[in-house]
Amino acid sequence: MDGRKQTKPKPGIDEALAALERRLESLKSLFEQYFAGVQKRPPTREHEEFRRGIDAIPAHELKVTANKFKLQALKSRHLQLNNLWTKILSEIEAGTYRRDRFLLKAKSDHPAANTSPATRPQVTAAEHPFEQTYREFLKLAQSQNQKTPSRDKFFKVLDQQLDQIKKASPQAQVQVKIHTDPSGRIGLKIKKQ
């Protein structure tokens, strides 16, 4: 025998380190769910519990090198993930997080999202002043095997163009006609009268 004393790891330390590894993976999953929009709140309570758990293992009690290495690797991995989470949380707070920018853009592109239900006009497609124009446009475009926009998109684009004309000339009367360009493509022509 060499004169070194062989120390066996404490069974509680091995189990605690394994549990911490599982909790870190679970915490990572919870943060990913929050960043993806699945969870409504960041897992701050779970994160704080993990920090307390990792601080509860005193490094001076770790006699086995493998356990010291595991603890150091856990702390290093946590530090790396914590830096990433902090960065993403600050981007979310500043409004520069890519997923949030995409969702905000999608929300702003949807006309119903721009107004509250109480102030949103309750106009059905049949009540729209250009419903007949839309039907004629649809029939003609389909007969030419052309791609047709949805009713909502058709009215949204048409209303935007009419609003621009009304801003420039508030008193102007407009006429909307379906026309076919020289290439055979069906379109709309808006004329001021």
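In what order do the α and β elements of the protein chain run from the N terminus on?

**Figure 1. Overview of the predicted protein chain and its elements.** From the N terminus on, the order is α-α-α-α-α-α-β-β, which corresponds to six helices and two strands; helices (H or I, at least four residues) and strands (E, at least two) are DSSP runs, numbered from the N terminus. The model is predicted, and local features need pLDDT of at least 70 while side-chain atom pairs count only at pLDDT 80 or more, whereas totals for chains, interfaces and linings use all residues. Residues are numbered from 1 along each chain as its sequence is written, and side-chain values use heavy atoms, with hydrogens and water left out. Of the 193 residues in the protein chain, 23% are buried, where buried means under 20% relative accessible area, exposed over 50%, and partly exposed in between (1.4 Å probe, protein chains only). Among the contacts (heavy atoms within 4.5 Å) with a separation of 6 or more, 54% join residues 24 or more positions apart.

**Figure 2. Close-up of the largest nonpolar core.** A nonpolar core is a set of buried Ala, Val, Leu, Ile, Met, Phe, Trp, Tyr and Cys residues joined through side-chain atoms within 4.5 Å. The largest one has 19 residues, of which Phe35, Ile57 and Trp85 touch the most other members. At least two residues of this core come from each of helix H1 (11–35), helix H2 (44–55) and helix H3 (65–94), and the largest share, eight residues, is supplied by H1. Another core, of nine residues, lies apart from it and includes Phe130, Tyr134, Phe155 and Ile186.

Figure 3. The buried residues of H3 are Asn67, Leu71, Leu74, His78, Leu81, Asn82, Trp85, Ile88 and Ile92. Just after H3, Gly95 takes a positive phi of about 80°.

Figure 4. On a 1 Å grid over the protein atoms alone, a pocket is an open set of points where a 1.4 Å probe fits, with protein on both sides within 12 Å along at least five of seven lines, and lining residues have an atom within 4 Å of a point. The volume of the second largest pocket is about 190 Å³, counted as the space filled by probe spheres set on the points, which are joined across faces, edges and corners. Its lining consists of Phe137, Pro149, Lys153, Phe154, Val157, Leu158, Gln161, Gly187 and Leu188. Helix H6 (151–168) and strand S2 (186–192) each supply at least two of the lining residues, and H6 gives the largest share, five residues. By class, six lining residues are nonpolar, two polar and one charged; here Ala, Val, Leu, Ile, Met, Phe, Trp, Tyr, Cys and Pro count as nonpolar, Asp, Glu, Lys and Arg as charged, and the others, Gly among them, as polar.

Figure 5. Pro149 counts as partly exposed because its relative accessibility is 25%. Leaving aside residues up to four places away in sequence, Pro149 touches Tyr134, Phe137 and Phe154. The C-alpha atoms of Pro149 and Leu138 are separated by 8.4 Å, although these residues are 11 residues apart along the chain.

Figure 6. Not counting residues up to four places away in sequence, Ile190 touches Leu158, Gln161, Leu162, Ile165, Val174, Gln175 and Val176. Ile190 and Gln175, 15 residues apart in sequence, are 5.7 Å apart in space, C-alpha to C-alpha. Lys166 has 36% relative accessibility and therefore counts as partly exposed, and from C-alpha to C-alpha Lys166 and Lys192 are 9.8 Å apart in space and 26 residues apart in sequence.
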